[in-house]
Amino acid sequence: KIGIEQDFQVSTGKSGKFYPKYLSEEYYQKFLKTYSDSEKENIWKSLSLMSEIFSETAKNIAETLNFNYNLAEESNILKYLKEIRQKATQTQPQTLP
């Protein structure tokens, strides 16, 4: 996203140090929400948000650079993640005696 918007002429710094400089406050806050604590539900929420951000960004980049984005592959990946999440929520953690 930053590369496209800045014509690949800027550095985002080590570990994204300059992300706040180049991203809107709203987008940056959304990005920060992808960093989760260790609660399972929050991890799933973060993964879902990461997927959403990736999809939006990848489609924008594909359009800007004039190449095809494989929507079928994205759909299959999201379907797979949904299946894994359902299996994970159906499996009860075992307790030690």
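Helices here are DSSP runs of H or I with at least four residues, numbered from the N terminus. On that basis, S15 lies in the loop between α1 and α2. The model is predicted.

**Nonpolar core**

- The largest nonpolar core is made up of seven residues, namely I2, Y22, L23, Y27, Y28, L49 and I53.
- Helices α3 (25–32) and α4 (40–65) each contribute at least two residues to this core.
- With neighbours within four places in sequence set aside, the core residue I2 is in contact with V10, T12, Y19, Y22 and L23.

**Helix α4**

- Helix α4 comprises 26 residues and extends 37 Å from its first C-alpha to its last, close to the 38 Å expected at 1.5 Å a residue.
- The buried residues of α4 are W44, S46, L49, S51, I53, S55, T57, A58 and A62.
- These buried residues pack against α3 and α5 (71–90).
- N66 follows α4 and has a positive phi, near 60 degrees.

**Packing of α3 against α4**

- The axes of α3 and α4 come within 9 Å and cross at roughly 135 degrees.
- The two helices, α3 and α4, are therefore oblique to each other.
- On the α3 side the contact is made by Y27, K30 and F31, and on the α4 side by L49, E52, I53, E56 and T57.

- Helix α5 comprises 20 residues and spans 29 Å from its first C-alpha to its last, close to the 28 Å expected at 1.5 Å a residue.
- The N-terminal end of α5 is capped by N70, which has a side-chain oxygen 3.2 Å from the backbone nitrogen of A72.
- Helices α4 and α5 pack at an angle of about 175 degrees, and their axes are 12 Å apart.
- Because angles over 145 degrees count as roughly antiparallel, α4 is roughly antiparallel to α5.
- The contact involves E41, W44, L47, S51, S55 and K59 of α4, together with L71, E74, L78, L81, I84, R85 and A88 of α5.

**S55, a buried serine in α4**

- S55 is found in helix α4.
- S55 counts as buried because its relative accessibility is 10%, and the limit for buried is under 20%.
- The side chain of S55 makes a polar contact, at 2.9 Å, with the side chain of E74.
- Apart from neighbours within four places in sequence, S55 is in contact with Y69 and E74.

**Loop residues**

- Most residues other than glycine have a negative phi.
- D7 has a positive phi, near 55 degrees, and is a residue other than glycine.
- D7 lies in the loop between α1 (2–5) and α2, and its relative accessible area of 55% makes it exposed.
- S15 likewise has a positive phi, near 55 degrees.
- S15 is exposed, with a relative accessible area of 75%.
- S24 lies in the loop between α2 (19–22) and α3, and this residue is partly exposed at a relative accessible area of 42%.
- The C-alpha atoms of S24 and K59 are separated by 18 Å, and these residues are 35 residues apart along the chain.

Terms used: Residues numbered from 1 in each chain as written. Predicted model: local features only at pLDDT ≥ 70, side-chain atom pairs only at ≥ 80, totals over all residues. Heavy atoms only, no water. Core = buried A, V, L, I, M, F, W, Y, C linked by side-chain atoms within 4.5 Å. Buried < 20%, exposed > 50% of the residue type's maximum accessible area, 1.4 Å probe, protein only. Contact = heavy atoms within 4.5 Å. Expected span 1.5 Å × (residues − 1). Polar contact = N/O pair within 3.5 Å; in protein donor to acceptor, adjacent residues only side chain to side chain. Axes fitted to C-alpha atoms, helices over the stretch in contact; angles between N-to-C directions. Parallel < 35°, antiparallel > 145°, perpendicular 65-115°, else oblique.
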